[in-house]
Amino acid sequence: MRDRQFSVVICVYTEERWEDILAAVDSVRNQSRPAREILLVVDHNERLLARLTERFAGRLSGRLADGAEHEEEVRVLANAGPRGLSSGRNTGIAASRGEFVAFLDDDAVAERDWLRYFAAGYDDPHVMAVGGRTLPAWDSGRRPDWFPEEFDWVVGCTYRGLPAGRVRVRNVLGGNASFRRTAFDAAGGFATGIGRDGDRRPLGCEETELCIRLSQALPDAVLLIDDRAVIHHKVPAARERFGYFRTRTYAEGLSKALVSRSVGAGRALEAERRYTTRVLPTGVVRGLRDALLGRPGGAGRAGAIVAGVALAAGGYVRAAVRARGGGATFSSGPIPNCPDPRKGAAQEGLAQEGAAQTEAAPKKAAAPEVAA
């Protein structure tokens with residue numbers, strides 16, 4: 001396997017996650033297959049930007065195990081676009097120098113062979129994206145009894161229902177994913193207006209929209225998940241409560257409506273239909289069976305699944321109605337080339353250059369795959 005260089009993008013926004021950010025960076029710097037560079041993209045937080053710039057000024061790795069020299073620069077950049085995760089990722093993509101761009105959440109740590117398994121997935125030239133398995137690290141030390149594994153996507157993790165091994169999927173999960181750099185040349189960047197943007201509402205699905213758009217732009221593209229590429233995602237105590245579960249599932253419905261507006265409901269909801277008609281009913285039955293057997297949380301898990309479906313459906317309907325009334329617009333334009341990615345502060349405007357405001361229209365659906 002020839003050498004494949006990865007730029008790893010970690011988007012950050014708050015000093016409250018300072019220790020988590022440092023742990024995420026250290027997990028990348030300790031990979032068995034070193035990254036070419038680590039890009040920390042700060043989302044409109046001048047204090048955090050200054051603190052990280054000072055912390056990582058001039059930090060480079062030394063040599064690989066075989067003695068070869070290897071540069072592993074940690075670069076700190078300001079989000080060049082509007083507030084939000086999508087713009088932050090686009091800023092990182094624009095500044096990246098690797099053939100592949102990987103994304104890691106700022107409150108997650110990657111296992112040592114994370115990038116090695118990503119790299120192996122690109123042996124096939126048709127593979128345009130490789131994702132991994134994300135495991136929850138519960139702040140309380142254990143999964144809440146009532147929290148169904150079928151809804152682990154609520155806390156940004158791999159959920160029950162995805163097949164094991166290396167499998168073809170419709171979309172990868174954005175906090176544990178990699179793409180060929182050329183994928184963004186073909187499909188453009190992450191769409192702003194979808195996903196988290198500093199609002200209190202926990203929106204998502206920006207990676208889903210991008211992956212579907214990528215498959216439409218490149219019909220032969222293959223997107224994979226390799227469950228050996230593992231990260232551990234921190235779940236704070238506030239997200240272990242039903243209140244967050246309720247808010248997040250409702251927000252998922254809102255987000256899915258925007259994705260449907262962009263790429264068409266057929267493609268946007270194709271995998272979700274299988275999930276709600278096959279995976280979730282099995283989960284309800286399992287929960288009720290556990291309740292009958294006196295196992296902790298069985299009835300709660302069954303109830304949470306039913307509530308989660310209803311809340312997501314309600315969010316979808318509300319957003320779909322609002323979109324028909326006013327028209328949903330968002331930016332999903334090309335990622336510009338970066339003339340000098342070493343000039344961190346000079347990135348201003350790059351992520352938005354050439355971006356087109358589009359009222360998304362349905363497009364032709366591709367063959368069914370598994371949703372991630």
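## Helix 4

Seven of the eight residues of helix 4 (residues 114-121) are buried, so this helix is largely enclosed by the rest of the structure. The buried residues are Trp114, Leu115, Tyr117, Phe118, Ala119, Ala120 and Gly121. Buried means under 20% relative accessible area, exposed means over 50%, and partly exposed lies in between (1.4 Å probe, protein chains only).

## Basis of the model

This is a predicted model, in which local features need pLDDT of at least 70 and side-chain atom pairs count only at pLDDT 80 or more, while totals for chains, interfaces and linings use all residues. Residues are numbered from 1 along each chain as its sequence is written, and side-chain values use heavy atoms, with hydrogens and water left out.

The pLDDT is the predictor's confidence in each residue, from 0 to 100. Its mean over the protein is 82, and 76% of the residues reach 70 or more. Residues 62-67 have a pLDDT below 50, and beyond near neighbours in sequence this stretch has six contacts in the model. Residues 338-368 also have a pLDDT below 50; beyond near neighbours in sequence, that stretch has 77 contacts in the model. Contact means heavy atoms within 4.5 Å.

## Overall make-up

The protein has ten helices and eleven strands. Helices (H or I, at least four residues) and strands (E, at least two) are DSSP runs, numbered from the N terminus. Of the 372 residues of the protein, 54% count as buried. Among contacts between residues at least 6 apart in sequence, 80% join residues at least 24 apart.

## Helix 1 against helix 2

Two packed helices are described by the angle between their axes and the distance between the axes. For helix 1 (residues 18-29) and helix 2 (residues 46-55), the axes come within 13 Å and cross at roughly 40°. That makes helix 1 oblique to helix 2. Axes are lines fitted to C-alpha atoms, for helices over the stretch in contact, and angles run from 0 to 180 degrees between N-to-C directions. Angles under 35 degrees count as roughly parallel, over 145 as roughly antiparallel, 65 to 115 as roughly perpendicular and the rest as oblique.

The crossing of the two helices is right-handed, meaning that the near helix is turned clockwise from the far one by less than a right angle. Helix 1 contributes Trp18, Ile21 and Leu22 to the contact, and these meet Leu48, Arg51, Leu52 and Arg55 in helix 2. The residues of this contact divide into five nonpolar, no polar and two charged. Here Ala, Val, Leu, Ile, Met, Phe, Trp, Tyr, Cys and Pro count as nonpolar, Asp, Glu, Lys and Arg as charged, and the others, Gly among them, as polar.

## The loop between strands 6 and 7

Val155 lies in the loop between strand 6 (127-138) and strand 7 (166-168). At 3% relative accessibility, Val155 counts as buried. Leaving aside neighbours within four places in sequence, Val155 is in contact with Trp138, Phe147, His233, Val235 and Arg239. Arg239 is 84 residues away along the chain, and its C-alpha atom is separated from that of Val155 by 7.1 Å.

Thr158 lies in the loop between strand 6 and strand 7 as well. With a relative accessible area of 19%, Thr158 is buried. Not counting residues up to four places away in sequence, Thr158 touches Gly132, Arg133, Thr134, Asp152 and Leu173.

## Tyr275 in helix 9

Tyr275 lies in helix 9 (residues 270-292) and counts as buried at 11% relative accessibility. Residues up to four places away in sequence aside, Tyr275 touches Glu150, Phe151, Trp153, Tyr159, Leu280 and Pro281. Its C-alpha atom and that of Leu162, 113 residues apart along the chain, are separated by 9.4 Å.

## Two further loop residues

His44 is placed in the loop between strand 2 (37-42) and helix 2. Most residues other than glycine have a negative phi. Phi of His44 is near 55°, a positive value in a residue other than glycine. His44 is partly exposed, with a relative accessible area of 39%.

Asp220 lies in the loop between helix 6 (206-217) and strand 9 (222-235). Asp220 is exposed, with a relative accessible area of 60%. The C-alpha atoms of Asp220 and His126 are separated by 6.6 Å, and the two residues are 94 apart along the chain.
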